[in-house]
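Hi,

Here is the structure I promised to pass on.

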There are 4 protein chains.
Amino acid sequence: MNITLDQAKNAIKAAMAKADELGVKMNIAVVDSGANLTAFARMDGAWLGSVDISIKKARTARFFDMNTGEIGNLSQPGGSLYNIEHSNNGLITFPGGIPIRAGSGEIIGAIGVSGSTVEDDHAVAEAGIKAIS
Amino acid sequence: MNITLDQAKNAIKAAMAKADELGVKMNIAVVDSGANLTAFARMDGAWLGSVDISIKKARTARFFDMNTGEIGNLSQPGGSLYNIEHSNNGLITFPGGIPIRAGSGEIIGAIGVSGSTVEDDHAVAEAGIKAIS
Amino acid sequence: MNITLDQAKNAIKAAMAKADELGVKMNIAVVDSGANLTAFARMDGAWLGSVDISIKKARTARFFDMNTGEIGNLSQPGGSLYNIEHSNNGLITFPGGIPIRAGSGEIIGAIGVSGSTVEDDHAVAEAGIKAIS
Amino acid sequence: MNITLDQAKNAIKAAMAKADELGVKMNIAVVDSGANLTAFARMDGAWLGSVDISIKKARTARFFDMNTGEIGNLSQPGGSLYNIEHSNNGLITFPGGIPIRAGSGEIIGAIGVSGSTVEDDHAVAEAGIKAIS
């Protein structure tokens, strides 16, 4: 089972509405169940460096089927997954990436958001998720 | 001067309408005047390998401010730009990438399309361009 | 729909039987519908350089849903897809990669074989496909 | 002296049996004495991001002829091998990678396992090792 482009676009639209509400400018990426890019949007004026980060967050969330921030908790110095970020051509392990589940609970893709604080990034990603679940 | 997300989304929408008309499934990428990804969409069922190609076509078109196919004419064996594709982490130099110009003629970004023959790819890219110029 | 590990193992087993019959030593890779590696085997004494080639052939076949050799026909100097190999972190576009279809015709993955002539590579890949379709 | 494909397959089979016993889904990679991939299997539903990690763990274990976790102890901030993970196109230095020795003690390859906690990953790798020593 795989996310559709329509679902991905709806997630991005809802995420951008949340970003507007917060007064922030975001890069938003959606990948499918195979971790391949499905849709992407960079809000006018959003950080250029966040293009890659948002895509990597989405991929990381699907790679391990969990929120990116959970991995970051384990990849700190002394943590069990220290420096896992060196795998897969680069992971991003701070918040802003969340798996997307179908109603059945099956993971059909993931969203990644980057452009502000990690709290804002996560909140915007969550708004995107809610629009399609 | 730079393409806006709204313009990029309109270009993608028009490109997808053309793809539907042609009965093909496309990956469509739009980059800004700095050659940074602005918006992207993969139509359901479109080739996975064309994610990267569409982005590289858009970037290539903006890198050199010309249609990707024109560069390909020069990069053949014996040509003046032979194997230029090795630069910039990989160029794509066959048709499907076109610079986007403002009404003034200034280049504000580029579009890249991949998913069918290069003729279809180019036609879909042109449809995207027309929607915003 | 996605290939299972059991299907992938059966494909590799059948491919190795064909390789034995031909008296050649092969690297055999199977990817899933998202082009992610599912299973791999290198026969004792097979070329080391073919590890990467077999994986890239499988990925290339799934990236474009066609036999790798078909792409190679189009990527020659003067061809419409010249130097497409620079995309996706490297494609391999000579024979030996074939998409894997379910009974319904849906593509569920791909196989890539490398270690001998491209004719042998393709024959071994086909033997792998037949075992699971 | 080098691991054979049969040995590698037996190691993977035993590792998967242990994974089943633990109720986890693993990616399992075996490399030879030259640190080149010999065999690989991803259990159905195992993390996609662990494809690369399991291969990197196996390679890391053979690169330095020790368990990956031992290297991780030295690569922490302030440690003697701080950030060694930047070498060799990316190392993984937490547990789950173990060298494989022949009866004589000679190292003939390595196994890498990824898909659960590092404790589980290491236990599954050890089960694989036991099957062939």
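Which residue of chain B forms a salt bridge with R42(A)? In this predicted model, the partner is D32(B), and the closest N and O atoms of the pair are 2.9 Å apart. As background, side chains of opposite charge can pair when their charged atoms come close. Between chain A and chain B the count is two salt bridges, and eleven residue pairs are in polar contact there, both residues being at pLDDT 80 or more.

On to what chain A brings to that contact. The elements giving two or more residues to the side that touches chain B are α1 (5-22), β2 (37-42) and α2 (50-64) of chain A. β2(A) gives the most, with six residues. By type, that side of chain A divides into eleven nonpolar, three polar and four charged residues.

As for the extent of the A/B contact, 18 residues come from chain A and 18 residues from chain B. The two chains bury about 1300 Å² between them, with 54% of it on carbon and sulfur atoms. In chain A, R42(A) turns up again here: together with L5(A) and L37(A), R42(A) loses the most area to chain B, and the three make up 38% of what that side buries.

β2(A) is joined by three bridges to strand β2 (residues 37-42) of chain B, and the two run antiparallel. If you want one pair to find on screen, A39(A) has A41(B) as its bridge partner in β2(B).

Now for chains C and D. Strand β2 (residues 37-42) of chain C and strand β2 (residues 37-42) of chain D run antiparallel, with three bridges joining them. Here F40(C) has F40(D) as its bridge partner in β2(D). Taken as a whole, the sheet is open and has eight strands, in the order β3(C)-β4(C)-β1(C)-β2(C)-β2(D)-β1(D)-β4(D)-β3(D), with antiparallel pairing. β3 (97-101) of chain C and β3 (97-101) of chain D stand at the edges; each has a single partner strand, so one side of each is left without a neighbour in the sheet. On average, neighbouring strands of this sheet are turned by 20 degrees against each other, direction ignored.

Two helices of chain C lie across these strands. Helix α1 (residues 5-22) lies across β1 (27-32), β2 and β4 (107-114) of chain C together with β2 of chain D, and runs at about 25 degrees to β2(C). Helix α4 (residues 118-130) lies across β3 and β4 of chain C, at about 145 degrees to β4(C).

What about chain D and chain A? There, 20 residues of chain D are in contact with 17 residues of chain A, and the area buried is about 1400 Å², of which carbon and sulfur atoms give 63%. W47(D), L48(D) and F94(D) supply 35% of the area that chain D buries against chain A, more than any other three residues. Zero salt bridges are found across this interface, but ten residue pairs are in polar contact, both at pLDDT 80 or more. Helix α2 (residues 50-64) of chain D gives the largest share of the side that touches chain A, four residues. That side of chain D divides into nine nonpolar, eight polar and three charged residues.

Lastly, the salt bridge count over all chains comes to 20.

Cheers

Note on methods
Residues are numbered from 1 along each chain as its sequence is written. Chains are lettered from A and ligands numbered from 1 in the order in which they are written. This is a predicted model: local features need pLDDT of at least 70, side-chain atom pairs count only at pLDDT 80 or more; totals for chains, interfaces and linings use all residues. Side-chain values use heavy atoms; hydrogens and water are left out. Contact means heavy atoms within 4.5 Å. Buried area is the accessible area (1.4 Å probe) that two parts lose on being put together, summed over both. A salt bridge is a side-chain nitrogen of Lys or Arg within 4 Å of a carboxyl oxygen of Asp or Glu. A polar contact is a pair of N or O atoms within 3.5 Å; within protein, one must be able to donate a hydrogen and the other to accept it, and residues adjacent in sequence count only if both atoms are side-chain atoms. Ala, Val, Leu, Ile, Met, Phe, Trp, Tyr, Cys and Pro count as nonpolar, Asp, Glu, Lys and Arg as charged, and the others, Gly among them, as polar. Two strands pair if DSSP finds at least two bridges between them. Axes are lines fitted to C-alpha atoms, for helices over the stretch in contact, and angles run from 0 to 180 degrees between N-to-C directions.
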